[in-house]
Amino acid sequence: MTAVLADGRTPSEIVPALGPVPRVKQPTAAERTLPSGLRVLAVRRPGVPLVEVRLRIPFAGTAPTHSARANLLSNTLLTGTERHTQVELAAALQALGADLHASVDADRLTVGGTVLRTGLADLLGLVCEVLVAATYPSREVAGERARLVERLTIARSQPAVLAGEALNRRLYRDHPYARELPTPEAVNAATPGRLRRLHAERVRPVEGVLVLVGDLSPARVLDTVEAAMSSWAGAGVSRQVPPLPPVVPGPTVLVDRPGSVQASIRLGGPAVPRNAPDYPALQLANLVFGGYFSSRLVENIREDKGYTYGPHSRISHGVAGATLVVDADVATEVAAPALLETRYELGRMATLPVRPDELEDVRQYAVGTLALSVATQAGLASTLSGLLGVGLGLEWLREHPRRLAAVTVEDAFAAAQRYLAPGGLVTVVLGQASGLERGLSTLGPIERD
Amino acid sequence: MPRATLPAPSYPLVHQTLDNGLRVLLAPDRSAPVVGVAVYYDVGIRSEPEGRTGFAHLFEHLMFQGSANLDKLAHFRYVQSSGGTFNGSTHLDYTNYFEVLPSNALSRGLFLEADRMRSPRITEENLRNQIAVVKEEIRVNVLNRPYGGFPWLLLPPVLFDTFPNAHNGYGDFVDLESATVDDAEDFFRRCYPPSNAVLSVAGDFDPDEALAMVQGHFGDLPARETPPRPDFSEPDLDGERRKSTEDPLAPLPAVAAGWRVPDPVGDFAAYLPYVVLAEVLSDGDASRLEQRLVQKDRTVTQLATYLSLMGDPFDVRDPTALVFQAHHAPTATADVVLDAATEEFDRLATDGLLPGELERVRARILAQVFRDVDPVLGRTLALAAFEQIHGRAEMLTELPAQLAAVTAEQVQEAAGTLRPDRRAVLELAAGGAR
């Protein structure tokens, strides 16, 4: 910004300077591995009289039927135990002011929620009851199976879901990450008996991680957890996530969605996990490119050209590896110029170093938003659960600002050359193919999905 | 859970009204080094003129395009390079702008809000650019996705008769494209004076220092006339109304119904039982409609009941509605779903609540209120909304006691008003079913 105001002052003279950097208070925490193998981390973050709970259990599987069974298991985990029906369980949770959900992705099963501080011990008791004695009643499984099929149908009518699936097929090919959402056929084939067997094999504490964040005393709460969860024990079956296949760049993949009034553009490529030496540099380079509102990509294709409401670029972290994903939904008639500008900005990142002021801006943004994201109970609980699931933890959070502070322009340039070069990425465009084919083919070869 | 054990949120609040009429609200809390800053203007979708649908929202975009002392893009950069985030949103009865920042950027955040309250920089180029952006926003959120605008844009024209309440708040493309710089400047002059706004600041600051900063940044903004707040009230429906629409992208049918409810501001005590009722009906697997429609009848895939078209019970004025929405199986008609729901409303109205039902629903509502206000931004926004819509930010801290005062009889009585002859129904046919 170089504008000079009417009275001769520049904006930098009138916009208030920042005060001294506030010190982030580190929360008190306590950790214990229970005899069952369950790792428990409790962090005190008072503020509101709630506790956030996240239990994470590794749940990857390579069988083609796995995703369907895992999804149906998570949808029926809370539909009955040896002691309570679905409705009794839900009423008991509600009385504690609790909200509890089970969800699954390609890596893990999560049982998580929130509870009024006063109900924590009872909530943990109910969670343990579900883990030990979920029954997967036939009637409830049948009902949830039909609902899951309908929800998948709705999900697959969303352009964002379809474009994401097409990108994952292109990136991950035969890897389980390419089929995270199950097919309706596989869901319909999943029986209560299969779910019970999957539960017996995999819903085990050995590699599990339980995170509690909120208005609690960390040391005392560990005893509460140990007492409430002691009956959940026993060995299970461990399964490793296979490594991701190498990304092979190639023609732009065009996916037809008749009637689409926008083109959903997705680019993807390999990235690195949060503990990699060049991760902080990649994180900052990605922010400069398209990772925040003040990025080059937003300023170009939204604020200058008006092609899109919001382009994004982010690093998605899985146990098997990290992936860079760029997305923009644009009007059909500007799909080709929007893709061209996106590749231009990627190319600029990969061939020229970022400006020092751009790097300082994203550094401040990354440090500041990290502090904001862990300033809430729910944010801290989810962040820690994600970190612990890949072998990182509170110390990573504490140290990360220092790592960000050390990134130089050269580091960011090196990371951009390695991970943001457009030639190393794959491209998928979903939309009305008849309106896209000609424009996109002027930019390079295309193939149909 | 006995009523006495329910905790209440408690924040010291400081109020001040500046000479130009700006109402200032401070909620200091030094537990984390972050601050939230929000400005709520008392103008929203219901206030936009006929022929200018979507204008309040388009104008919200224009408030980010440069201001008295700052070029386009500068606002974003100053917030984000301070380590903060920002946004704005347009609602039926207000438009808000907000930032959450590390606490050392408080003065900067206040400056940024004051600078655009002084004068946004509205140019032909920026207007055309943001019309294009808004059109893509509407495409991505409504036109290119199944169930876009269901039911928040589709139900109001069935439920209401007058333009302010019934029209599409995202706007018609023709209306959006015909917007001019003069329209925008006129809208700003009329609807955005300091006296039509609430400034809410929460988080890590000393209240005296913050007040001095507020005075420094906002104090010299000239006062302008406060626009009169129009009366948008409409009479209740005198019979059932129905409309159907075909969604070419939707793979499954859906249905929504709305019933008018008591004035959420003028008759809060009569309105609150409906907030509890909505939770009794659809919060969790033990709720009435989940049990009936999802678990027993299996006609419905997902459902919700809630107050106000935009889903926030405490930041809307009269008239508003209790809304029921459900995605249902193609084998069930909308009437099968609605009839079963009506049976459940009747059961509640006749037999009342079960022992313990009111207490557990109350515990859940309270936990949700706490969860919403744990983030400093959530607190900043909730306090601002209560201050602007209800005139008292303190209502946030009084909510638990108010909820505790809702009786089972009031909830029962509220259920009795959800009759077919008072409802507006929107059926959505699945044009995308294979």
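**Reading a predicted two-chain model**

Modeller: Let's start with one helix: in H9(B), the buried residues are Ala210(B), Met213(B), Val214(B), His217(B) and Phe218(B). Buried means that 20 or more other C-beta atoms lie within 10 Å of the residue's own, exposed means 12 or fewer, and partly exposed is in between, with C-beta atoms placed from the backbone. Helices (H or I, at least four residues) and strands (E, at least two) are DSSP runs, numbered from the N terminus. Residues are numbered from 1 along each chain as its sequence is written, while chains are lettered from A and ligands numbered from 1 in the order in which they are written. This is a predicted model, where local features need pLDDT of at least 70 and side-chain atom pairs count only at pLDDT 80 or more, though totals for chains, interfaces and linings use all residues.

Colleague: Where do the buried residues of H9(B) fall when seen down its axis?

Modeller: First, the general idea: an α-helix has 3.6 residues a turn, so residues three or four places apart point the same way. In H9(B), the buried residues fall within an arc of 105 degrees, so they line one face of the helix. That arc is taken over the directions from the helix axis to the C-beta atoms. On the other side of H9(B), Asp208(B) and Glu209(B) are exposed.

Colleague: What covers the buried residues of H9(B)?

Modeller: The cover includes strand S2 (23-28), helix H3 (106-118) and strand S6 (197-203) of chain B. For such contacts, the C-beta atoms of two residues, placed from the backbone, must lie within 7 Å.

Colleague: How many residues of H3(B) are buried?

Modeller: In H3(B), 12 of the 13 residues are buried, so the helix is largely enclosed by the rest of the structure. Those buried residues pack against strand S3 (34-41), helix H2 (74-80), strand S5 (95-102), S6 and H9 of chain B.

Colleague: How do I read the length of a helix?

Modeller: The expected span is 1.5 Å times one less than the number of residues. H3(B), with 13 residues, reaches 18 Å from its first C-alpha to its last, close to the 18 Å expected. Now look at helix H10 (residues 279-291) of chain A: a straight helix of 13 residues would span 18 Å, yet H10(A) spans only 14 Å between its end C-alpha atoms. In H10(A), 13 of the 13 residues are buried, so it is largely enclosed by the rest of the structure.

Colleague: Which strands pair with S6(A)?

Modeller: Pairing means that DSSP finds at least two bridges between two strands. Strand S2 (residues 39-44) of chain A pairs with S6(A) in the parallel sense over six bridges, and Ala42(A) has Leu212(A) as its bridge partner there. Strand S3 (residues 50-58) of chain A runs antiparallel to S6(A), joined by six bridges, with Arg56(A) opposite Val209(A). Both faces of S6(A) are covered: Val209(A), Val211(A) and Val213(A) are buried on one side, and Leu210(A), Leu212(A) and Gly214(A) on the other.

Colleague: How many residues does each chain give to the contact?

Modeller: Chain A gives 67 residues and chain B gives 71 residues. On the side of chain A that touches chain B, the largest share, eight residues, comes from H13(A). That side divides into 36 nonpolar, 22 polar and nine charged residues. The classes are these: Ala, Val, Leu, Ile, Met, Phe, Trp, Tyr, Cys and Pro count as nonpolar, Asp, Glu, Lys and Arg as charged, and the others, Gly among them, as polar.

Colleague: Which scores come with the model?

Modeller: The model scores ipTM 0.94 and pTM 0.95. Chain B averages a pLDDT of 95, and 98% of the residues score at least 70; pLDDT is the predictor's confidence in each residue, from 0 to 100.
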